[in-house]
Amino acid sequence: MSAVSPSDLVLRYGGNLPRYTSYPTAASFTDAVGPAQAEEWLRALPPDEAVSLYFHVPFCDELCRFCGCNTSVMRHEDGRIAYGDLLREELRRVVALVGPQRSVNHIQFGGGTPSTLPAASLRQVLRSVRQFFKVEPGVELAMELDPRHVPAGYPDLLGDLGFTRISLGVQDLEEKVQEACGRHQSFAQTEACINVVRAAGVTGVNVDLIYGLPYQTEESVAATARKIASLRPDRLAVFGYAHVPWKQKRQRLIPEDSLPQPAERLRQRTRMEDVLCAEGYLPIGLDHYALPGDPLARAAQNGTLRRNFQGYTTDSSAVLLGVGASAISMLPDGYTQNITTVASYVRALADQTGLPVARGVARTAEDKLRGRIIEDLMCTMQVDLQAAHGEGHNFLTEYAALRPFVQDGFVQLDGSCVRVTEAGRPVLRNVAAVFDTHRQSLSSAMPGAASQPRFATAL
Ligand SMILES: C[S@@+](CC[C@H](N)C(=O)[O-])C[C@H]1O[C@@H](n2cnc3c(N)ncnc32)[C@H](O)[C@@H]1O
């Protein structure tokens, strides 16, 4: 625990910041990058470059009030089958550009709740993947599940298809919190989901928890963390609730006065971390915890941990091909994002022959350099600026901006090495932001930005 009190920490380091799952972040995406640019970048991929795949399925069985993700309800099975067909069509168009039989080591289905994809559609999507790509034997095949809505037979289907990991949303176990969030989920449901999936042969289990939700207290989040840890998931993600009602209208149903204040959020975060560490989990980067033998923990220890749009990952591929509405692709020369709404995504694939790309950003050499620095900091909590920097960089401005962090005991400077201390883990994003010149120019270009923030609070 830091010597700086939670309220001082908020005063000095509060504010809205990105989570740095990319650099430049999605706030820099514009429609200057569209389908033509995406096609050029995809065609230019070196022939032997391995790729990872991400499929976005935005549908959920019911919508949770707190959720900040791109989700919707699709009651009709025909609509979900049609969406599965479009995923395959988009994949076919991408493969026509990048060429067939590229090596794949990581495939993830995220959402939403991807198990809303009917079993036959999921089989077909994976059949296309295996037809178009060389899926490596040790592939990580992962899917997000909602423990309240696991379709009958789905766990066996996942086992049968070779899934290696599931990620479950839990968030909080307290009745009052669940009521305010519009998400009722008993501990028994979560436990049953983990048991049935493990019995089907899917061994990797991640659980998502959140602090900063309505009516949470230090005691309630500690109790949730303790109870979930008893199920021994090999990984946990502990997110700070991102309250972005200007972007996500459903969050307006959450009364502002039910939300813990920033200093309380910090205390909740610390309590959950204490509980999870006492239960044998290792803290990883900003918000993850893993059992010591888990590949994510090993990657954090041996310096191979990476961060991409899915968060912390062992995936070292430089290319992530995102398929589906709102999916983001990471390419060597830039990021692209698909059209967000399902209706427009469907129209784009039906009406045109190109890619359903809506926006993106090119990455300059400077962006790549700064992106590497930010990713190193977010993953390993340290970076050697000498080793990372290009010619002509002395980072004088950044060193000056790091001074308050050093004074507060959150950062140590050792020659050209910037090291974030254990006490500095909660302000990791703030340290990363020191190297983010896009954010600095976005805020100076839009002085009124504070009244309409682009990111959720950092603390
Ligand atoms: C896309 S959701 C999928 C969860 C899964 N469909 C379920 O219902 O269990 C992935 C995770 O994002 C996190 N999340 C969603 N909205 C959030 C918010 N506003 N603030 C922080 N985390 C959020 C939750 O922890 C959630 O489990």
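Predicted model: local features only at pLDDT ≥ 70, side-chain atom pairs only at ≥ 80, totals over all residues.
Contact, in what follows, means heavy atoms within 4.5 Å. Residues are numbered from 1 along each chain as its sequence is written, and side-chain values use heavy atoms, with hydrogens and water left out.

Let me start with Gly111. If we set aside neighbours within four places in sequence, Gly111 is in contact with Tyr54, His56, Val57, Cys69 and Glu144. Gly111 sits in strand 2, residues 102–111; helices here are DSSP runs of H or I with at least four residues, strands are runs of E with at least two, and both are numbered from the N terminus. Is Gly111 buried or exposed? Gly111 is buried, at 10% relative accessibility, where buried means under 20% relative accessible area, exposed over 50%, and partly exposed in between, using a 1.4 Å probe and protein chains only.

Gly111 also takes part in a cis peptide bond, which joins it to Gly112 with omega at about 15 degrees. Gly112 itself belongs to the loop between strand 2 and helix 4. As background, most peptide bonds are trans.

Next, the record. An unreviewed UniProt entry lists Tyr54, Gly111, Glu144 and Ile328 under "binding site". Under that heading, the unreviewed entry also lists Cys60, Cys64 and Cys67. UniProt positions are given in the numbering used here, feature names are shortened, and annotations may be inferred rather than shown by experiment.

Glu144 is in strand 3, residues 133–145. Glu144 counts as partly exposed, at 25% relative accessibility. Not counting residues up to four places away in sequence, Glu144 touches Gln108, Phe109, Gly110, Gly111, Gly112, Pro114, Ser115 and Ser167.

Now the cysteines. Cys64 lies in the loop between strand 1 (51–57) and helix 3, and Cys67 is placed in the loop between strand 1 and helix 3. Cys64 is buried at 7% relative accessible area, and Cys67 is buried at 12%. Which residues do they touch, leaving aside neighbours within four places in sequence? For Cys64 the contacts are Arg148, Cys181, Gly182, Arg183 and Arg250. For Cys67 they are Gln248, Arg250 and Gln251.

Strand 4 covers residues 165–171, and seven of its seven residues are buried. One side holds Arg165, Ser167, Gly169 and Gln171, the other Ile166, Leu168 and Val170. Strand 4 pairs with strand 3 in the parallel sense over four bridges; two strands pair if DSSP finds at least two bridges between them. Ala142 stands opposite Arg165. Six bridges join strand 4 to strand 5 (residues 204–211), also in a parallel run, and there the bridge partner of Arg165 is Gly204.

Gln171, in strand 4, has a positive phi of about 75 degrees although it is not a glycine. Phe395 has a positive phi too, about 55 degrees; Phe395 is in the loop between helix 13 (385–388) and helix 14, and is buried at 3%. Most residues other than glycine have a negative phi.

On to helix packing. Helix 3 (residues 77–98) and helix 4 (residues 119–132) pack at about 10 degrees, with axes 9 Å apart; axes are lines fitted to C-alpha atoms, for helices over the stretch in contact, and angles run from 0 to 180 degrees between N-to-C directions. That makes the two helices roughly parallel, the word for angles under 35 degrees, with over 145 roughly antiparallel, 65 to 115 roughly perpendicular and the rest oblique.

Last, an open sheet of three strands, in the order 15-17-16 with antiparallel pairing. Its edge strands, strand 15 (382–384) and strand 16 (411–414), each pair on one side only. The twist averages 10 degrees from one strand to the next. Helix 12 (residues 365–380) lies across strand 15 and strand 17, at about 140 degrees to strand 15. Helix 14 (residues 396–407) packs on the sheet, touching strand 16 and strand 17.
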